[in-house]
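Hi everyone, thanks for coming. I'd like to take a few minutes to walk you through a structure that may be new to you.

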Amino acid sequence: MKFIPYKKFVFLLIHIARPNYSFAMYKSLFLSITFLLTSCILFSQKKPLDHSVYDYWKSLTGTAISKDGKITGALICPQEGDTTLLIKDNSRNRTLYIERVKSYVLSPDGKWTVGLVSAPYRLLRQARIDKKNTNEMPGDSLLIINNLTFDVKKIPGVKSYKTAKEFDSHVAYSLIPPKDIMSKNDAKKKEIMVLRNILTQREDTFRNVKEYTFSKFGDSFALTIQPDKKDSTSRSSVAYINLKNNTKKIISCENIEYKSLAFDEPGSQLVYLATADTSKLAQKVYDLRYYVAGADSAVILADRNASGLPEDWIFNEYAAPSFSKDCKRILLGAAPAKVPKDTTIVDFEMASLDIWHWQEPLTPPQQLVELKREESRTYAGIVSPGHMNQYIPLATEKMPYTSVADEGNGQFALLWSDRPYQLESQWDISSKQDVWIKDLQTDSLYQLARPLPGRPALSPDGNFTFWWDAGKQHWFALNNRNKLIQNLTRDIPVNFWNEKHDTPSPVESYGIAAWGENDAYVLIYDAFDLWKIDPTGKKKPENVTRHTGRADSITFRYINTDPEKRFIAADDLILLSAFDNVSKEWGYYTLAQKGRNPLKKRALEKFSFSGLEKAKDVDIFVFQKSNFNTSPDLYVTTDYWKTAQKLTDINPQMHGFNWGTAELFSWTSLAGIPLQGILYKPEDFDPAKKYPLMIYFYEKHSDELYRWFAPAPSRSTINIPFFVSRGYIVFTPDIHYTVGHPGKDAYNAVVAGAEALAQNSWVDKKNMAIQGQSWGGYQVAYLVTQTNMFKAAGAGAPVSNMTSAYGGIRWESGRSRQFQYEQTQSRIGSTLKDSLQLYIENSPLFHTDKVETPLLIMHNDKDGAVPWYQGIELFMTLRRLGKPTWLLQYNNEAHNLVQRRNSKDLSIRLQQFFDHYLKGAPAPIWMTRGVPTLQKGKTWGYQFEDIESSAQQLGRDE
């Protein structure tokens, strides 16, 4: 093809312009043409993404906003490297950036920021390379920012810090003094704790501090001193400090152990645990100490001899005392004393084994997973500050779980147990609980159900116990005072069960939004709207969103903008998220509780919204907004989204890369079901060209039309922006499932979608591939046994043989896998014994003789979800049949990769594999010859068989 030189092209365009053009018009035309051509050149020069770009792609975390909305904070985090703290003064339009901040807190009044600054990433990396021990690693520094002046102070050598939840003046931090200023004695003691007043700069220093804490509002501070046994100069003690007048008092000074400090909300009462038992004992016995401001010292409020404490029960190290909201009760755990270990037994002469018993509720693997939790289990009870050595037990071994209404203040406590149903829960996930209601005023116990078909909960004030009954598909509430049960949703002519439910498990509800003040009403979701329901049944249910959601196919959901708020007050303006089920747009509405038109649209856009935070005292919101080709950035709105100010631009580099577009694609499955999916095309898409097609799937994806994907190393699946940028079209189809035939359902959806796409001239139907992970990996493995239409396939952690997987263990939880096939995602809907043919029909392993598609499997040896041997079974069978297949086994890795180095490796191999089969790129050595164990860690097989091929591939990557 012969190109016209740029100057000649411009001359010809101007020459054919109208002859009566003035000089100014010629100049304007010339500039317009120049801009157009420059834009085209710049567009054509956009680079494809490669594996070198991942580390510096950034995200936002830790967003905070002051009560008055004037100060906003956020962490800008690269995938690998130094994090940056952003402090934005919205009132003065000033911005401060501080590098390497790993954590921070913003004072509620917005005046201060306190955080921890790490050493530069490059120094930390080098220290790891040099194999320095923990004490030799570069240290952190404490960061203190005056947000009004942007004055910054850094204190080196700080390991950790704490502030009050609502702090305004003090910070406490653990410090390792520089070696050059420490005496020999100091060097032995090492760490010190400093209490700093950031207003006055006053500091108090304490040594041998084991634990310290602030009261919620920062009025009080407490710490425990636990000297080294060799230190004869100090004793164990507990100190209480009034931070308002800076007075300190030692409230316990016995030479014993103290722990678990807890203030009441005002900071005038303090409780903690104490024990004189030595560290050699297998189980220490603690007592509860109590201090009230103004007293001379703390007192023993309860010990193992407390009345009401069951026989042979104790307060152990896990007792975890805490105050109720009104500060009148202390919630405290107790537990049976453990039987001491027989010290006469010689360990190395005794057998070591696990015994599996057919009637035992939990299998040994699950017991091992839950061992630490069970060893630390306590049963809640109540101690009152005015009643010495009296304990009111709530939970018991029969009723192990409890919740006290009204943040611990309430008259009623909910007690429940799933223990009688633990054995059957291994295959039946139906929620079954034995449930009781305890009246703490009368000390009476009411048995609600044995079992209750649902998970019970208390209303905020404790007047009602409510639950979802999956069998009856309705919400119910028990009036805890008169014990009347009300069906809350029976008379409402819509479904409250999830209409998209597609597994053979009990159907779940859409959930509850919130309760009204004084438990006057409850807001319950249907598929679209919110219903205001009187739990007594006296008032008629009201659709508070006026059926707008169902009429417009918009799903409304309540957003609680104040985490401490437990109910909706009468004058609250309610914020709702909104999702348009047709256009897939997201946004916000507000709902007033009075007026003719209470529901008001505030925003509904072709973006996803996340990270919403509201200023506590004013209607100012910060949030993130993004879509497929718009990086998430931080915005602030002061007028409910009429306008929004963009505060960040964290990924400006994306404009230099060939990105992509996202659009909905509709087709009909082979079973006649209308389906949707998302089609991602390169930014420089040319309908005159043909593009290889990559299909990734799991279950449903179409609602993710406006989802952002950062270029990132793969933990298991293809990175969509990466492949789109490099000239692939990527398709993510929805799959409609039935019970008993999940493999066929995937085939009906994916194959029909691929065929529908292949009718477009720009799809290279000879070069299509599929990829998925876990459930998606299973479906990929199944599809390649049913069709040869795909050029290559990638299956991560696939179940290949349902007959062997059925009897396996999910090692991360220790649970039997049977429930997964009988009731949940695998959707067989029956036992192996009753439906063996269905298990065989849906198992890829039994149809491998039909496979013609090259298959890349990833299955890791510490997979806690899908047994690793499932990948091995599939690989071994295909290998025996002479089918082209590879198995990537990442060592000590989980179901999805955790180690970033392994994710980077997988990303390279996924690209090389699919580029070879779909683009005709050379095959790397790991594909042509493999990497023998003798070469493990010496070579990774990325290179190609000859220098010429390597050079060609290098050119592709560039």
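Predicted model: local features only at pLDDT ≥ 70, side-chain atom pairs only at ≥ 80, totals over all residues.

Let's begin with Ser236. You can find Ser236 in the loop that lies between β14 (220–225) and β15 (237–242). Is Ser236 buried or exposed? Its relative accessible area is 3%, and a residue under 20% counts as buried, so Ser236 is buried. What does its side chain meet? The side chains of Ser236 and Gln226 are joined by a polar contact of 3.2 Å. If we set aside neighbours within four places in sequence, Ser236 has contacts with Ile225, Gln226 and Pro227, and also with Ser252, Cys253, Glu254, Asn255, Ile256 and Tyr258.

Asn801 has a relative accessible area of 7%, so Asn801 is buried. Its side chain makes a polar contact of 2.4 Å with the side chain of Thr803. Which residues does Asn801 touch once neighbours within four places in sequence are left aside? Those are Ser843, Leu845, Phe846, Gln870 and Glu873.

With a relative accessible area of 48%, Cys253 is partly exposed. Cys77, by contrast, is at 15% relative accessibility and counts as buried. As a reminder, a disulfide is a covalent bond between the sulfur atoms of two cysteines. How many disulfides does a search of the whole structure find? The search finds zero.

Last stop: a sheet. Strands in a sheet pair through backbone hydrogen bonds, and the pairing can be parallel or antiparallel. Here we have an open sheet of four strands in the order β17-β18-β19-β20, and the pairing is antiparallel. At the edges are β17 (257–263) and β20 (299–302), each of which pairs on one side only. On average, neighbouring strands in this sheet are turned by 35° against each other, ignoring direction.

β17 and β18 (residues 269–275) run antiparallel and are joined by five bridges.

Terms used:
Residues numbered from 1 in each chain as written. Heavy atoms only, no water. Buried < 20%, exposed > 50% of the residue type's maximum accessible area, 1.4 Å probe, protein only. Polar contact = N/O pair within 3.5 Å; in protein donor to acceptor, adjacent residues only side chain to side chain. Contact = heavy atoms within 4.5 Å. Helix = DSSP H or I, 4+ residues; strand = E, 2+ residues; numbered from the N terminus. Disulfide = S-S within 2.5 Å. Pairing = 2+ DSSP bridges. Axes fitted to C-alpha atoms, helices over the stretch in contact; angles between N-to-C directions.
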